[in-house]
Amino acid sequence: APEYENIKIDVVGAKKNVGLIQLNRPKALNALCNALFKELRKAVKDFDADDKIAAIIITGNEKGFTAGADIKEMQNHTYSSITKAGFSQEWEDVSNCGKPIIAAVNGIVLGGGCELVMLCDIIYAGEKAKFGQPEINIGTIPGAGGTQRLPRYVGKSKAMEMVLTGNFIDAHEAEKMGLVSRVFPVETLLEETIKLAERIGTHSPLIVKMAKQSVNKAYETTLKSGLQYEKSIFYGTFATEDRKEGMTAFVEKRAPTFKNN
Ligand code: CAA
């Protein structure tokens, strides 16, 4: 029996070092029901723990990435039941992954889907991607980081416009705003994303992890303590064999062989 019902996983790339997670609940436009999210968490956790995996890609299908949180699951919640259930609490687990997570998105990236990609480290979009926080249309507000992370990505005015209108923005606008780092034709999005993951995979996994932690700090703290944090991580690289190997290889004009140590 297949391990997953709402996602598909695969290991891709020439060196088989890229973990691919595809949301796969087509009957509900990949709406993020609880069962889907449980599977996503497990897949991310397993790839994070697997030494052969350098980076993780989360993607959808040509129709879209996802229509967001499952409205049918939320419909009959009350204040007390949703508070007790702790809506989207476990989503933060995805952001605790030490390895880089790249979102490769096409078509609709709505609500909780837009919030999910903002938990990832890099966002690549297909030309047909449309981003939105349409919760206002259904009488609620973003509940998995949309009102907090979106302004950090795109500034207050753009974020406020998206959250208050529910209007969608297209891939090129999202790139201009700094929400996504690159836009590709729909057909080449996934292969370009795999190339990015493979490029990251040529580096020391240990140092990649330290770099990711340090950049993420910029979203969580003041500039002063962020700079202190960066410095201690930077000094920390000097306790690693891979830092020594990287600099020695440069001086000896050869390619480094990193050992994840
Ligand atoms: N939850 C549950 N089911 C959903 C869904 C969602 N978010 N989005 C779509 N579906 C289901 C539809 O109910 C429909 O199912 P049936 O065939 O059983 O009726 C199926 O997926 C296809 O959807 P549509 O017929 O609506 O497809 P469309 O092409 O006409 O429209 C759409 C596409 C514009 C994306 C429209 O489906 C839509 O507006 N979806 C809701 C988007 C939304 O509001 N997302 C925010 C959710 S709230 C949230 O995410 C909270 C948070 O902050 C975490």
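Visitor: In which loop does Asp70 lie?

Guide: Asp70 lies in the loop between strand E4 (64–66) and H2, where helices (H or I, at least four residues) and strands (E, at least two) are DSSP runs numbered from the N terminus. Residues are numbered from 1 along each chain as its sequence is written. Please keep in mind that this is a predicted model, in which local features need pLDDT of at least 70 and side-chain atom pairs count only at pLDDT 80 or more, while totals for chains, interfaces and linings use all residues.

Visitor: What confidence does the predictor give?

Guide: The protein averages a pLDDT of 96, and 99% of the residues score at least 70; pLDDT is the predictor's confidence in each residue, from 0 to 100. The model also scores ipTM 0.97 and pTM 0.96.

Visitor: Why is Asp70 called buried?

Guide: A residue is buried if 20 or more other C-beta atoms, placed from the backbone, lie within 10 Å of its own, exposed if 12 or fewer, and partly exposed in between. Asp70 has 20 C-beta neighbours inside 10 Å, and therefore counts as buried.

Visitor: Which residues is Asp70 in contact with, leaving aside its neighbours within four places in sequence?

Guide: With those neighbours left aside, Asp70 is in contact with Ala28, Ala31, Leu32 and Cys33, a contact being two C-beta atoms, placed from the backbone, that lie within 7 Å. The C-alpha atoms of Asp70 and Ile122, by comparison, are separated by 24 Å, the two residues being 52 apart along the chain.

Visitor: What makes Met118 a buried residue?

Guide: Met118, which has its place in helix H5, has 22 C-beta neighbours inside 10 Å and so counts as buried. Not counting residues up to four places away in sequence, Met118 touches Gly145, Arg149, Leu150 and Tyr153. Met118 and Asn137 are 19 residues apart in sequence, and their C-alpha atoms are 21 Å apart in space.

Visitor: Which residues around the ligand are the closest?

Guide: The closest are Ala67, Gly68, Ala69, Gly111 and Gly112, among 23 residues that surround the ligand; a residue is near a molecule if its C-beta atom, placed from the backbone, lies within 6 Å of it. Helix H2 (71–74), strand E6 (108–110) and helix H5 (112–119) each supply at least two residues of this shell. The shell divides into twelve nonpolar, seven polar and four charged residues, where Ala, Val, Leu, Ile, Met, Phe, Trp, Tyr, Cys and Pro count as nonpolar, Asp, Glu, Lys and Arg as charged, and the others, Gly among them, as polar.

Visitor: How many residues has the largest nonpolar core?

Guide: The largest nonpolar core has 61 residues, and those with the most contacts inside it are Ile56, Ile57 and Ile102; such a core is a set of buried Ala, Val, Leu, Ile, Met, Phe, Trp, Tyr and Cys residues joined through C-beta atoms within 7 Å. Its largest share, six residues, comes from helix H1 (residues 34–49). In soluble globular proteins, nonpolar side chains tend to be buried together. Beyond four places in sequence, the contacts of Ile102 include Ala55, Ile57, Cys120 and Ile122.

Visitor: Why does Met210 count as partly exposed?

Guide: Met210 has 19 C-beta neighbours inside 10 Å, so it counts as partly exposed. This residue lies in helix H10 (residues 205–217), and, not counting residues up to four places away in sequence, touches Ile233, Gly236 and Thr237. The C-alpha atoms of Met210 and Thr237 are separated by 8.1 Å, although the residues are 27 apart along the chain.

Visitor: What makes Lys253 exposed?

Guide: Lys253 has 6 other C-beta atoms within 10 Å, and is therefore exposed. Lys253 has its place in the segment after helix H12 (241–251), and has a positive phi of about 55° although it is not a glycine.

Visitor: Where does Ser88 lie?

Guide: Ser88 lies in the loop between helix H3 (79–85) and helix H4 (92–95), and its phi is near 65°, a positive value in a residue other than glycine.
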